[in-house]
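Please view the sequence and the model together while reading the points below.

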Amino acid sequence: MGTETETALGEGAAASEGGSRTGARVTRRQVLKYGLAGAAGVLAGGYLTQRLFRSAALESTATVLKGNAPAGELWEAWKKRGWAREARHYLKVGSNVLCKLCPNDCLLQPNDRGRCRNRVNKEGKLYTLVYGNPCTFHPDPVEKKPLYCSVENPSSGKA
Ligand code: SF4
């Protein structure tokens, strides 16, 4: 390829040392080829990342349960039992609410239910429907638990 224009890296150093021309050679064609491939990769990565975040945001709003909040007698019974309470960690956006409890960031219009099905927008306030309810129940005796590890060891001499 004697006619091909070449850029020799280290050629000057090799020549000045009087040594052989063993430096890494990169042709202009290779620079263009790998440079364009790298630029295309960066653009494709950015585009895919943007698509991923956009589809995640759309999915978050799409999976909110529209108009699914309990109403009437059911809502009153829920409140009477103390299970429905105004929730924490949310923002009011007019009559809508933006729940900030988990990464789903549900934006709820009045009477919508969140993706978790536990939080509802009633009259511009976010309510949890599970206040005071256990999330798990286990009939194991407490003696089976590894409490030895959780209490301070009196023989260690520490107060
Ligand atoms: S806690 Fe429920 S309502 Fe709140 S953002 Fe998460 S899924 Fe949505």
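Two strands are said to pair if DSSP finds at least two bridges between them. In that sense, Lys92 has Val97 of strand 5 as its bridge partner. The model described here is predicted. Its chain contains three helices and eight strands, and the order of these elements along the sequence is β-α-β-α-α-β-β-β-β-β-β.

- The mean pLDDT of the chain is 79, and 70% of the residues reach 70 or more.
- Residues 1-20 have a pLDDT below 50, and beyond near neighbours in sequence this stretch has 23 contacts in the model.
- Where pLDDT is low, the predicted coordinates should not be read in detail.
- Of the 159 residues in the chain, 11% are buried.
- Among contacts between residues at least 6 apart in sequence, 44% join residues at least 24 apart.

- Four bridges join strand 4 to strand 5 in the antiparallel sense.
- Strand 5, which spans residues 96-99, pairs with strand 6 in the antiparallel sense over two bridges.
- Across this second pairing, Leu98 has Leu107 of strand 6 as its bridge partner, while Val97 stands opposite Leu108 in strand 6.
- Strand 5 has a covered face, made up of Val97 and Cys99, and an uncovered face, made up of Asn96 and Leu98.

- Strand 3 and strand 8 are joined by two bridges in the antiparallel sense, and Glu86 stands opposite Tyr127 in strand 8.
- Strand 7 (residues 119-122) pairs with strand 8 (residues 125-128) in the antiparallel sense over four bridges.
- Within this pairing, Asn121 stands opposite Leu126 in strand 8.
- The hairpin of strand 7 and strand 8 has two residues between the strands, and Glu123 takes a positive phi near 50° there.

**The nonpolar core**

- In soluble globular proteins, nonpolar side chains tend to be buried together.
- The largest nonpolar core in this model has twelve residues: Ala69, Ala84, Ala87, Tyr90, Val97, Cys99, Cys106, Leu108, Val120, Leu126, Tyr127 and Leu129.
- Strand 5 and strand 8 each supply at least two residues of this core.

**Lys122, a residue of strand 7**

- Lys122 has its place in strand 7.
- Leaving aside neighbours within four places in sequence, the contacts of Lys122 are with Ala69 and Tyr127.
- Ala69 lies 53 residues from Lys122 along the chain, and the C-alpha atoms of these two residues are separated by 7.6 Å.

**Helix 3 and the residue that follows**

- Helix 3 comprises residues 72-80 and is hardly covered: the count of buried residues among its nine residues is zero.
- Gly82 follows helix 3 and has a positive phi, near 85°.

**The surroundings of the ligand**

- Which residues surround the ligand? They are Cys99, Leu101, Cys102, Asn104, Asp105, Cys106, Gly114, Arg115, Cys116, Asn118 and Arg119.
- By class, this shell holds five nonpolar, three polar and three charged residues.
- Cys99 and Cys106, two members of the shell, are also listed among the residues of the largest nonpolar core.

Terms used
Residues numbered from 1 in each chain as written. Predicted model: local features only at pLDDT ≥ 70, side-chain atom pairs only at ≥ 80, totals over all residues. Near = placed C-beta within 6 Å. Nonpolar A, V, L, I, M, F, W, Y, C, P; charged D, E, K, R; others polar. Buried ≥ 20, exposed ≤ 12 C-beta atoms within 10 Å, placed from the backbone. Contact = placed C-beta atoms within 7 Å. Core = buried A, V, L, I, M, F, W, Y, C linked by C-beta atoms within 7 Å. pLDDT = per-residue confidence, 0-100.
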